[in-house]
Amino acid sequence: MGKLPMRARVATTLGGAAGRMSRLAGRGDGSVIGGVIGLRVEPGLLSLLAADREIVLVTGTNGKTTTTRLITAALSATGQEVASNAFGANMEAGLAAALGQAPEAPFAVLETDEKYVPAVLRATNARVVTLLNLSRDQMDRAAEIWLVARRWREAFEAAPDCRVVANADDPLIAWAASGAHQVTWVAAGQRWHEDSWCCPRCGSHLRRDDLGWRCGECEFSRPAARWVLDGPSVIDSAGGVTELSLALPGRANRSNAVMALAVAEVFGVPPGAALQKMRSVTSVAGRYTQVERDGRQVRLLLAKNPAGWLEAFDVLEPAPVPVLLSVNAQVPDGRDTSWLWDVDYRVVRDRPVLVSGERGLDLAVRLEADGVAFEMVGGIDDAVSRVRPGGTLDVIANYTAFQQIRTAVGRAA
Amino acid sequence: MGAHARGPGTLRLVWVYPDLLSTYGDRGNLLVLERRARLRGIEVEAIQVNSDQPVPRQGDIYLLGGGEDLPQVLAARRLGTDGGLAAAAAQGSVIFAVCAGYQLVGAEFGGDQGQPVRGLEILDIRSTRGDRRGVGEILADVDPALGVPRLTGFENHQGVTRIGPGARPLARVLTGVGNGDGTEGAYAGRVLGTYLHGPALVRNPALADLLLSWAAGPLPPLDPGYEAWTTQFRDQRLAAVPVG
């Protein structure tokens, strides 16, 4: 902090004060407003705040917040302070605020919105960019994902000092990362294939088999991986096999964890030490939290797009534990609910299904077409009242529906 | 009419190139047609044809969905070479084309750099890239000759489409962009295209029934019990979007 120019120091101080005021006023965690004000005073703030630190960016359609948290935990094994935008404020202001709040931290792990990766990479001169996956998401306001990948690729070509840690199983990610000067390939898996039937390089049909994917026409194929997610375990870069045993549930989180281990290796943190820290992560910004409500256990899962729903189904309690599905279509969710038809809901035919949310009728029609029996409910409390006392309710909701439910059951969740 | 075109009793639905043309919920149209046919006792065979497979010529209804720019160009090229879709259209099969699929059944459309790309010439329309994307809810009143009530849907495209003398506008826009000249979609014979993207038939079951009747002849009405959620959903969307 001592080396910051006066203007940046003023910007950070003003931003910090605004963040505190915002928190006091109960308007959220204050992480964005501080950055907004700081950037208004000093537009180069992000760059100044990032100077002389080891910066890790984390991006992709799904798993950003969780992976950011896992990498932060892993790097804490160095004994050094790690700055992070832990609450998902992932545009420039949120990043500046996170750095401003931890001026002495030598490391920063920053969740970064897909669109902002090129600009943030330029501003922060990040040491590592972590690329998780790319799939359809909120297409009413987001760019086509192939364009996103192309912009990343160009940004990596122009950043020779940056190492990209990339999921080799996602063809679009592999294409974006292959523009980088240094790449660590991770076989982190890909459950959702519907956005990667075309070769990102030549457009032809991709073929898939047990070994991964390859283009039928050009030479592009899945790169050989240095880290592999193998069921419950990770095979590390030295060939060692370790069971992950995370507190977080599901395949998607095991995938996120292997990505985090590969990032930790770049900074000399061995997998054993990193995993020990990562296992202490139990919930991330309310996700995977279990809370008690009126004598029932309620478990909250966030799913914002088709690939996310697929991963959420993976961590449901076994039938007949009931599930509440809740869908909104506010701006942060995407105004268009067409994506519901890309999710295969037949997997919940085996359990009681409850439906709520501002777009519950969209979901009702969708479930009917898949032959899923369901009941429409008024909200989380109505849903809870239909579960037997002492029982469990799983909840899958998209972004604002999740926030509404989280508010209703208490922020403590 | 059309009953002669299908095999004994089975309605063949062909979903064309979901690997290239299924950007956002396009499966919904297939599922809705399947459901509404089966509820009337019609047997259905649903076939998905990827871009590395030949398009069968004996289908009753062909569905084409939305796609990003490059896949759209690739799909047009492959379908042109394959020839199956054009042959099916010439035999009088029903074709329902959405968004990128709508553009590519026309004579020409704008490619990823705005360059003109040759379409399949199944429908007499010509599309170009406009200056800005039309994104949002759309309402449109259907050509009265088709007997289908007001369309509700979501559009997300940058296309501007002109309709030639060989086709008619499907509808007149009340809210939204559509073809860009106050009309929306186009049809000629049994080929029908629209900018209502993704699961357009979910919100517009009468349009789904029109396509089914083109392929299978007159349909008995559905028991209202089967329509309850669809009706509520459709009414909610119509009420939520202001006209004009």
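How close do the axes of helix α6 (residues 117-124) of chain A and helix α7 (residues 145-157) of chain A come, and at what angle do they cross?

**Conventions.** I am working on a predicted model, in which local features need pLDDT of at least 70 and side-chain atom pairs count only at pLDDT 80 or more, while totals for chains, interfaces and linings use all residues. Residues are numbered from 1 along each chain as its sequence is written, and chains are lettered from A and ligands numbered from 1 in the order in which they are written.

**Helix pair in chain A.** I looked up the two axes (lines fitted to C-alpha atoms, for helices over the stretch in contact, with angles from 0 to 180 degrees between N-to-C directions) and found that those of α6(A) and α7(A) come within 9 Å and cross at roughly 20°. That makes α6(A) roughly parallel to α7(A), a term that covers angles under 35 degrees. The crossing is right-handed, that is, the near helix is turned clockwise from the far one by less than a right angle. I then listed the residues in contact (C-beta atoms, placed from the backbone, within 7 Å): V117(A), P118(A) and L121(A) come from α6(A), and R151(A), W152(A) and A155(A) from α7(A). By class, I noted five nonpolar, no polar and one charged residue in this contact, with Ala, Val, Leu, Ile, Met, Phe, Trp, Tyr, Cys and Pro counted as nonpolar, Asp, Glu, Lys and Arg as charged, and the others, Gly among them, as polar.

**Chain A overall.** I counted 14 helices and 17 strands in chain A, taken as DSSP runs (H or I, at least four residues, for helices; E, at least two, for strands) and numbered from the N terminus. Buried residues make up 54% of its 413 residues, where buried requires 20 or more other C-beta atoms within 10 Å of the residue's own.

**Contact between chains.** I looked next at where the chains touch, and the contact takes 30 residues from chain B and 23 residues from chain A. On the side of chain B that touches chain A, α1 (27-38), α2 (69-82), β8 (151-163) and α7 (224-240) of chain B each supply at least two residues. That side of chain B has 13 nonpolar, twelve polar and five charged residues.

**One residue of chain B.** I picked A75(B), which lies in helix α2 of chain B and counts as buried because it has 25 C-beta neighbours inside 10 Å. Beyond its neighbours within four places in sequence, A75(B) is in contact with Y17(B), L20(B), L21(B), S51(B), G67(B) and L104(B).

Definitions and conventions:
Two residues are in contact if their C-beta atoms, placed from the backbone, lie within 7 Å. Angles under 35 degrees count as roughly parallel, over 145 as roughly antiparallel, 65 to 115 as roughly perpendicular and the rest as oblique. A residue is buried if 20 or more other C-beta atoms lie within 10 Å of its own, exposed if 12 or fewer, and partly exposed in between; C-beta atoms are placed from the backbone.
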